[in-house]
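Trainee: I would like to learn how to read the inside of a protein model. Where do we start?

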Amino acid sequence: MASTDHHMHDKDDHHHHHHHHKEESWIGPDGKVYHSHDGLAPHSHDPIESPGYFTRRAPPLLNRDFNERAFTVGIGGPVGTGKTALMLALCEFLREKYSLAAVTNDIFTKEDGEFLIKHGALPEERIRAVETGGCPHAAIREDISINLGPLEELSNLYKADILLCESGGDNLAANFSRELADYIIYIIDVSAGDKIPRKGGPGITQADLLVINKTDIAAAVGADLSVMERDSLRMRDGGPFVFAQVKHAVGVKEIVEHVLGAWETATGKKRL
């Protein structure tokens with residue numbers, strides 16, 4: 001009998017667990033399929049019918065009020081490519097002259113925010129870690145409120161010049177909404193192979209800047225940088241990309257130049 005009770009208890013636990021994470025789908029009034037999960041607002045995923053084009057990417061918003069929320073840099077890319085390392089490097093380059101704050105996204109932890117705090121990227125109170133649940137791209141595209149809240153709060157608290165927002169690791173289809181990011185950096189690395197740039201997707205083709213990281217291990221993993229350069233030029237219609245070794249500060253200054261150039265254009269301010 002005890003064995004049966006234990007079995008029933010396990011079934012109940014399983015049922016409860018399944019119910020807690022249940023994903024519901026429905027057709028919205030616009031004909032799109034919406035779903036809701038992990039506490040995110042209902043959202044849809046538009047079909048992606050081509051790899052995307054740099055020249056057709058969504059432009060920065062013209063009506064942005066930078067007094068309400070400072071110029072925001074979105075950093076996206078697959079898991080493990082160096083997003084958090086780039087966040088740290090940008091903080092180290094910019095924090096002496098500019099007021100910065102940072103928001104990191106992880107699916108179920110606050111590890112990336114804790115990494116920035118541990119390495120002294122910024123004072124701890126200027127860093128916020130957001131747990132997005134199982135759909136990290138929704139938090140930077142369809143339901144950005146989970147990031148907008150802390151970004152606006154930090155911007156006002158510290159009179160920020162530049163805000164950094166790191167997406168949770170995701171696939172090549174992930175990209176930031178222009179409602180959230182004024183400048184978008186997408187970072188890949190050579191360890192996944194030299195084929196990644198030609199696979200395309202909004203991150204590769206439509207980010208304002210593509211960063212190809214960890215070039216120092218290209219030979220070890222058999223990645224041909226000349227192939228990645230050729231394919232990046234083709235897939236991005238000549239849009240900018242940077243080869244980097246973020247951990248060793250290689251290419252970081254060039255990335256900073258791109259960010260500050262966009263900041264000047266958007267805000268009308270001159271770099272310090």
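Predicted model: local features only at pLDDT ≥ 70, side-chain atom pairs only at ≥ 80, totals over all residues.

Trainee: How many bridges join S4 to S8?

Mentor: Four, and the two strands run parallel. S4 also pairs with S7: five bridges join them, again in parallel. Look at Gly 74, which stands opposite Cys 165 in S7.

Trainee: Is S4 mostly covered or open?

Mentor: Mostly covered: six of its six residues are buried. Now check the two faces. Phe 71, Val 73 and Ile 75 point one way, while Thr 72, Gly 74 and Gly 76 point the other way.

Trainee: What should I look for among buried side chains?

Mentor: Look for groups. In soluble globular proteins, nonpolar side chains tend to be buried together. Here the largest nonpolar core has 34 residues. Val 73, Ile 185 and Ile 255 have the most contacts inside it. S4 (71-76), H2, S5, S7 (162-166), S8 (183-189), S9 (209-213) and H9 (252-267) each supply at least two residues of this core. Apart from it lies another core, of 29 residues, including Leu 172, Leu 210, Ala 223 and Phe 241.

Trainee: Which residues does Ile 255 touch, not counting residues up to four places away in sequence?

Mentor: Leu 86, Leu 90, Ile 185, Leu 209, Val 211, Val 242 and Ala 244.

Trainee: Which element gives the most to the lining of the largest pocket?

Mentor: H2, with seven residues. H2 (83-94), S5 (100-106) and H3 (111-118) each supply at least two. By class, the lining of the largest pocket divides into 11 nonpolar, 11 polar and nine charged residues.

Trainee: How many cavities of 30 Å³ or more does the structure hold?

Mentor: One. The largest cavity has a volume of about 40 Å³.

Trainee: Which residues line the largest cavity?

Mentor: Gly 76, Gly 77, Ile 140, Ser 167, Asp 170, Ala 174, Asn 175, Phe 176 and Tyr 186. Sort them by class: the lining of the largest cavity has four nonpolar, four polar and one charged residues.

Notes
Residues numbered from 1 in each chain as written. Heavy atoms only, no water. Nonpolar A, V, L, I, M, F, W, Y, C, P; charged D, E, K, R; others polar. Core = buried A, V, L, I, M, F, W, Y, C linked by side-chain atoms within 4.5 Å. Buried < 20%, exposed > 50% of the residue type's maximum accessible area, 1.4 Å probe, protein only. Contact = heavy atoms within 4.5 Å. 1 Å grid on protein atoms, 1.4 Å probe; cavity = no way out; pocket = protein on both sides within 12 Å on 5 of 7 lines; lining within 4 Å. Points joined across faces, edges and corners; volume = space filled by probe spheres on them. Pairing = 2+ DSSP bridges.
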